[in-house]
Every structure is written in structure tokens, then in C-alpha cells.
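Hi everyone, thanks for having me.

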Amino acid sequence: MTLPTILTILVVLFIAVALFGGIFLYVYWWLIQRALPDLSGKLPLEGLSAPVEILRDERGVPSIYAQNRADLFRAQGFVHAQDRLWQMEQNRRIASGRLSELFGVAALDVDRFSRIVGFWRAAQAELVTLEPEALAVLEQYVGGINAYIASRPGRLAPEFNLLRRQPEPWTPLDVLAFSKVMGWSLSVNWESELVRLQLANQLDPLLAAELEPDYPPRNPAITEALGEKSMRLVSTAGLLLSQYEQLQEWLGPSGSNQGSNNWVVGPKASSSGRAILCNDPHLALTMPSVWYENHLHCNENADGGPQTTDGHSQLTDRNFHVSGVTFAGTPGVTIGHNERIAWGVTNAFPDVQDLYIERPHPEKANHFAFGDGWEEAQVIEETISVRRQNRPHIERVVVTRHGPLINRLVAAKGATVPLALRWQGHEPGRMLHAILGINTAQNWEEFDAALADWSVPAQNFVYADVDGNIGYRLAGDIPIRKAGLGLVPAPGWTDEYEWGGLIPHAELPTVYNPPSGLIVTANNKLTGDDYPYFLGVEYFPGWRARRIEQMLQEKRRLGLKDMEQIQQDTTSLYAAELAPLLAAHQSDDPFVNIGVNLLRNWGYKMERESGAALVFHYALMHLLEMTFGDKLGPAKKGFLGGTLSPLFIISGFMHRAETRLLEILRENEESPWYTDAKTGRQRSRDELIGEALLLSVRRIRKEVNPTPRNWAWGRMHQIRYGHPMGSVRILKSFFNRGPFPLGGDGTTPNQTSYAPELPPGLAQIVASYRQIYDVGAWDTARTITTSGQSGHPLSDNYADQIPMWLEGDYHPMPWTREAVEAIAVHRLRLGPG
């Protein structure tokens with residue numbers, strides 16, 4: 001090789017390295033690193049009336065100290081924008097149906113969903129009803145966000161730089177719209193009604209109704225904390241049978257898991273002599289975490305704010321000192337404690353959505369029957385701008401007296417007639433008023449009064465105070481139906497099935513200082529069947545609730561370490577009932593026998609190293625497919641717990657199919673459900689189980705490892721922290737984390753639900769936040785989120801909580817100024833601009 005050739009190669013290599021280095025430096029520093037916020041020093045904040053001090057610990061958790069509430073909420077908006085502005089932008093675009101402006105056609109279906117359901121329209125209706133004090137809080141909060149945006153052009157978040165877009169100013173409407181999205185994500189009945197519509201098209205009414213499981217009799221209802229067993233006389237299948245029969249008449253001859261845990265322990269069962277309150281809401285995994293931890297404090301006394309006309313206590317009549325988590329993009333604290341009380345929430349899953357079959361006019365477009373006449377529907381043309389498309393997408397939304405027609409969203413769901421959606425979240429609510437009232441409540445009476453303003457989503461609240469009182473209240477706007485149960489679509493042309501008001505707050509289920517000294521909620525059944533109002537059937541089967549109660553009753557005195565063990569527990573009482581049926585099988589196949597022996601020697605813990613847990617889940621998925629899936633046609637996905645939208649993955653049918661499977665296997669040696677749908681071959685229970693086990697070990701040997709000693713649940717059950725920008729290969733290592741092996745499943749207190757399919761997909765729903773409070777000893781608070789405080793991928797606090805969360809560790813959440821100062825590593829002073 002000649003010298004000129006060598007020199008040419010070296011020059012080319014040098015240019016290539018320089019170009020690569022330049023591109024890397026441009027992406028790394030100019031687009032990503034440059035957006036990191038200032039966490040220490042002094043900064044101006046326009047609109048402040050007095051200085052504000054923000055102390056952060058090594059985890060990036062801020063404690064915000066202000067001299068009045070207006071400055072406090074303005075500073076909270078500023079801090080949220082520092083850490084999570086891109087997440088906030090993404091969330092408000094989901095709410096407004098504007099993701100396509102950034103991501104193009106790939107996001108169009110999400111935008112269509114949002115525009116048709118009408119999150120933004122619902123927020124607009126609520127905004128005009130806000131009282132001046134609540135509106136003032138929102139204006140201060142978005143003022144802080146906008147001040148941060150204005151102060152750092154081009155240095156807000158790497159996602160804005162990578163997409164070459166900068167955010168528009170925030171308004172109070174943005175905050176309200178995202179609250180509507182969160183309310184929708186925890187309201188599931190509309191998809192349950194669609195699944196039942198599919199079942200009605202696929203099966204006769206008797207078989208369709210037979211698929212509905214009863215609530216397991218040994219699993220607790222929440223109000224049984226009062227010490228009395230509740231009445232359980234109603235069969236869910238019986239409820240559904242008449243509904244299916246009516247649905248066939250209305251349709252004519254046209255056809256052939258989010259969950260959460262919380263509990264509270266009274267002083268008599270606590271080793272400290274104080275109440276203990278725990279909460280771990282289970283939500284879809286996001287990167288960064290859906291929750292943002294913050295500690296808010298101001299010393300402002302009564303400011304003469306106006307008294308509300310409905311007699312509720314003022315929002316501005318006492319100091320504001322509260323700690324816990326909120327959603328970035330919303331003011332206040334959603335879950336946490338103040339100086340006197342602590343609270344936690346789980347989703348209650350009452351039915352706040354109904355589908356109505358509308359009867360269109362034979363000649364007049366957009367006219368629908370009601371009573372003796374015809375009503376004209378409202379038609380809204382939603383214009384959706386799509387990146388790299390010359391023309392916008394026009395979504396024509398038809399809104400009847402019941403709500404928007406959703407047929408264009410559910411074309412593959414068996415909806416051959418016009419279906420209108422009614423949702424309580426379309427009505428104006430008082431959520432912000434409720435949150436601020438909870439944040440300042442000093443006792444049970446004030447806490448309960450604040451909950452009277454809670455609207456959507458309905459939640460199970462547990463409560464404890466420094467005086468040793470504990471309580472529970474279901475809070476939310478839950479409609480009363482004039483007729484029917486709202487479990488299947490109802491006729492919209494008659495007023496017989498209209499809503500007739502809301503269940504009065506005072507008549508919603510409640511428990512206060514029960515004799516047992518324990519209250520547990522885990523998305524389980526709320527009340528006995530003697531409760532005078534119908535709340536729905538979408539509650540979870542109660543396996544987690546019974547396991548939590550079991551652990552709480554194992555010791556006379558419970559401490560904080562005991563609470564940690566409960567939150568991390570991977571024992572499945574569901575597996576404890578189903579696995580013995582599998583372990584009783586005898587086979588000639590050596591690998592099936594190995595799997596059976598693993599199940600026989602198993603303690604029903606879904607540990608990530610467990611081979612038995614792996615065999616159990618493969619067998620469970622095969623049994624579900626062989627019992628139900630091959631017979632349900634298009635209803636299969638929904639019945640097994642799948643959802644229509646990848647954005648909202650909590651289903652009202654989560655874990656219901658598993659529970660019904662257990663009932664059928666336990667009660668029937670022979671059943672039509674055991675039939676092979678393809679061949680018509682009849683199978684006995686033992687034959688069904690044997691075939692499922694054989695298919696399971698064959699797939700495990702192929703998909704996991706041929707050698708049984710290497711079988712482990714965590715090899716297939718994993719968690720991956722994925723960010724939208726991480727789908728771009730060059731950015732993947734910046735934004736994504738994982739995958740990591742994981743224990744638990746959808747029936748364990750440490751819930752880690754996965755999509756009901758084989759091979760098992762990534763865990764989708766997990767404990768998004770964990771808190772443990774020794775009530776009154778606030779400096780001992782222990783908390784953890786799934787990832788970290790910051791949304792900036794190069795921040796030290798982007799993923800620093802992941803190892804802790806995976807290993808069941810917690811970080812301190814100090815309360816007193818002295819404790820906050822002791823662990824502070826950043827101090828930022830904001831002054832009037």
C-alpha cells in the first residue's frame with residue numbers, strides 16, 4: 001500500500017471520527033445535557049411577592065418553602081417544569097388530542113380517541129364552573145410553569161430539542177384536561193360493556209352469563225372491616241343473564257388489571273402505639289414515573305378569602321403544610337400527609353360509564369329517537385394536524401344527549417349499531433377543590449367534607465390521624481340508574497335507562513375506627529349485596545386483599561418493617577387454590593413430571609427465581625385459551641383482560657377470567673368449556689390439565705431454556721422502562737432502562753400484571769409509588785417511586801430509584817425543617833422577577 005493511499009485512508013478515518021464525534025457532541029450536549037435545570041443558586045421567578053426557598057435531597061425530592069400560598073403554588077409549577085416539562089407536555093397533548101403534531105401518523109389513533117371521547121371538551125365545561133379561589137391556584141401554578149418556559153428558550157427538555165418544537169404557554173385548561181385523562185384511565189366499564197356486547201354476538205345468553213365469576217367467598221369486602229360478614233346472596237351470572245336476554249331484544253337478530261393496595265393499622269396493633277398508613281397505587285409503568293414527590297410549606301394564616309357558598313370549609317384559612325406525591329402538571333398533593341392526617345387511595349372501579357344504543361332517523365342525518373320524537377345531535381368537526389402530512393385529519397364527532405358516538409373507535413368490537421358513551425367525567429367536577437381541602441384537613445370530619453367534592457375517578461380513601469383514629473370512605477360521583485345495571489349497552493330511545501342523580505356522599509360506603517383495628521382495600525369488592533345501591537361488578541377478585549389481611553393478622557404488634565414485607569410480598573393465594581389441581585396430575589412425559597413436582601413443592605411465591613411460578617403461568621395461560629379463548633371469537637382479548645387502547649391498559653375484566661376458570665375446574669369433572677372448539681372433542685378436567693401442562697413445558701423448553709434447572713419466572717416476567725424517544729435507536733441508551741427480571745403477578749400484594757398472552761409480555765401494571773407512614777412521627781416516612789424524580793435522561797435523578805424499587809428499598813421523606821436540612825444537597829432561592 002502506497003503512502004498516499006495510507007494518508008487518504010487516515011484522512012477519511014479522521015473525518016469520519018470527527019463527524020461522529022461532532023454528531024455525538026451535538027446530540028449529547030447541545031440537545032440533551034444543556035437542558036438540565038439549575039438546582040442550586042438564585043433565580044428570578046416573575047410573579048412572586050416574596051422569596052421562596054427550595055431544598056432538594058440526593059434523590060432530587062424538593063421541599064418548597066414559601067411565605068404565602070400564591071407563591072407556593074407558583075413555585076410548585078416552576079419546580080414541576082424544571083423536572084418534568086416534557087412529561088407534562090406529552091400528557092396535555094394526550095388530553096387535547098395533539099400528539100400527531102409531534103409524532104405524525106403513528107399517534108393519530110390516540111388523538112382520534114381523545115377528540116372523540118372529549119377530554120378537552122369536558123375540561124372546558126368544568127373550567128367555567130370553577131370558584132375564584134380554585135381558579136387562582138391554577139393561575140398561580142401555570143404562571144410558574146410559564147415563567148420557567150420563558151426563562152430558558154431552547155433549554156427546557158431534550159425532547160423539545162430533538163423534535164425541534166418548543167412548548168406553548170400553559171393555561172388552567174391544560175391542568176383540568178389532564179385530570180380528565182386520569183379519571184378516564186381508571187374508569188373501565190365502557191370496555192366491559194363492549195366485551196359483553198361481543199359475548200352476546202358470540203354466545204347464547206345463558207353461556208355468556210355463565211362466564212361471569214362470583215366474588216370468591218373467602219375473600220374480604222372492604223366494609224367487612226367493621227367486624228361483621230356482609231350478605232352475599234347475589235350471583236353475578238344471575239345478574240347478567242337478564243341483561244344479556246334484554247340486549248338480544250334491543251339489538252335484534254344481528255349476530256350469531258390498574259389496581260392498588262392501601263391499608264391502615266390502628267394504634268392497638270402498632271408497635272409504636274401510633275396508627276400506620278400504607279399505600280402503593282398500581283398504575284401503568286411510565287418513564288419517568290407517573291408520580292412526582294414534593295413537600296410544600298407556607299406559613300400564611302387566614303387571608304380573608306371568601307367563604308364558599310355551599311358551606312364547605314375555606315381553602316385558604318390555615319397554614320399549608322403537606323407532603324407526598326402528585327402528578328406533574330397538577331398543583332397540591334394527591335396522596336400523602338399533612339401535620340395532622342395521612343391518606344392513601346386505591347381505585348374503586350364503580351360503574352360511572354354507560355353505553356347507549358341509539359336509534360337513527362331513517363331519513364334525517366344526525367337525528368336520533370328519544371321518547372315520542374327525534375332529537376338532533378351536535379356535530380363537532382375536530383381538526384387534527386399531523387406532522388409531515390399536507391392536510392389535517394378531520395374527525396367528525398357526533399354527540400347525542402348521552403354523549404359522543406364511539407363506533408369509529410370500536411369498529412372491530414361488534415358495534416354494528418350506533419353506540420353513545422355517557423361518562424360521569426363529562427360533567428363538571430370539583431376535584432381541585434377536593435384535593436386542596438384534603439391537603440388542609442385536620443380531622444376526620446374535615447377530611448370527609450373535602451371528599452364530598454371528589455368526582456372522577458371514584459376512589460377508596462383510607463385515613464389515619466395523630467389521635468389514633470382510622471377510617472375508610474368511598475369518594476366520587478357515582479350515578480344512580482333508573483333501570484338496569486349498566487352492565488351492557490342500554491336503549492337510548494327511552495328515558496327508562498337514564499341516570500337519576502348521584503349516590504349521596506353521606507350514603508357511600510364508610511368505615512370509622514372498626515373494632516378490628518384494620519382496614520384493607522385492594523380494588524376488592526366494596527360492600528355486601530345488601531348495600532342499597534348497585535356499584536358495579538368490575539372490582540378485582542380480592543386475592544391481594546385477603547393476603548394483606550392474612551399478613552396483618554399474623555402478629556399482635558406491627559412495625560414499619562412488617563409493612564415493607566407486605567408491600568413486597570409475592571405470595572399468590574390464587575395460585576394456592578389452583579396449583580394443587582395442576583399438581584395432582586400424573587403424566588408419562590418426564591418434563592411434565594418435573595413441572596408437576598415443582599408445583600407440588602412450591603410455596604406459591606411468585607419469586608423471580610422460581611421455576612414453579614414459570615410453569616404455573618404457562619399452564620394458566622394455556623388453560624385460559626383452551627377453556628375460553630378458543631370459543632369466544634373476537635371477544636377473547638377483552639374477556640381475558642385486554643384493552644382497546646394501548647394508552648389505557650386497565651381492564652374491568654382483569655383477573656376475572658382466571659377466577660372463573662378456578663370455579664369451573666374446582667366444581668366440574670366434565671364441562672362444555674373443556675371441549676376442543678376446533679375438533680369438537682370432549683375432554684375431562686384431567687385431560688384438559690394434562691394437555692395444558694404438556695404444551696406449557698414444551699413452550700418453556702423452547703422459549704426459556706431446555707434444562708429445567710434454568711427455569712425461572714424472572715427470565716420471562718420482566719420490566720422495561722420505555723420512553724417515547726427511546727424508540728429511536730440512537731437515543732435508546734439515553735432514554736430507556738432495562739429490562740430487569742421481576743417477581744410477583746396480578747394476584748400478589750406486590751402486583752406486577754402482564755398482558756394475558758404467551759410468551760408472557762413485559763409487566764404493565766406495577767406499584768407506581770409506595771408510602772409507609774408511622775402517623776405523627778412524620779420524619780420516619782418511607783417512600784419510593786418506580787424510577788426517579790427527574791425527566792431529564794442525563795440527570796442523576798432520572799433512574800436512581802430503579803435499583804431501590806426493584807430490591808424493595810425505600811428512601812426517607814423528611815418533614816421537619818431540621819430533618820430536611822440534614823439531608824439537603826441542593827438549595828435554590830427564587831426571588832421576585
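Let's start with a definition: rings of Phe, Tyr and Trp (for Trp, the six-membered ring) pair if their centres lie within 6.5 Å, and planes under 30 degrees apart count as stacked, over 60 as edge-to-face and the rest as tilted. What you see is a predicted model, where local features need pLDDT of at least 70, side-chain atom pairs count only at pLDDT 80 or more, and totals for chains, interfaces and linings use all residues. Residues are numbered from 1 along each chain as its sequence is written, and side-chain values use heavy atoms, with hydrogens and water left out.

One aromatic cluster is formed by Trp 444, Phe 447, Trp 454, Phe 461, Tyr 463 and Tyr 512.

How many aromatic pairs does the structure hold? There are 28. One of them joins Phe 119 and Trp 184 edge-to-face, with 6.0 Å centre to centre and 70° between the planes. Phe 119 belongs to helix α5 (residues 119-127) and Trp 184 to helix α8 (residues 172-185), so this pair ties together parts 65 residues apart in sequence. Helices here are DSSP runs (H or I, at least four residues), numbered from the N terminus.

Phe 119 also makes an edge-to-face pair with Trp 423, at 6.2 Å centre to centre and 85° between the planes.

Phe 119 is buried at 0%, Trp 184 is buried at 2%, and Trp 423 is buried at 1%.

Finally, charges. A charge sits over a ring if NZ of Lys or CZ of Arg is within 6 Å of the ring centre and within 35 degrees of the ring normal. Arg 359 lies over the face of Trp 493, 3.9 Å from the ring centre, and the charged end of Arg 701 sits over the ring of Phe 591, 3.7 Å from its centre.

Note on methods
Helices (H or I, at least four residues) and strands (E, at least two) are DSSP runs, numbered from the N terminus. Buried means under 20% relative accessible area, exposed over 50%, partly exposed in between (1.4 Å probe, protein chains only).
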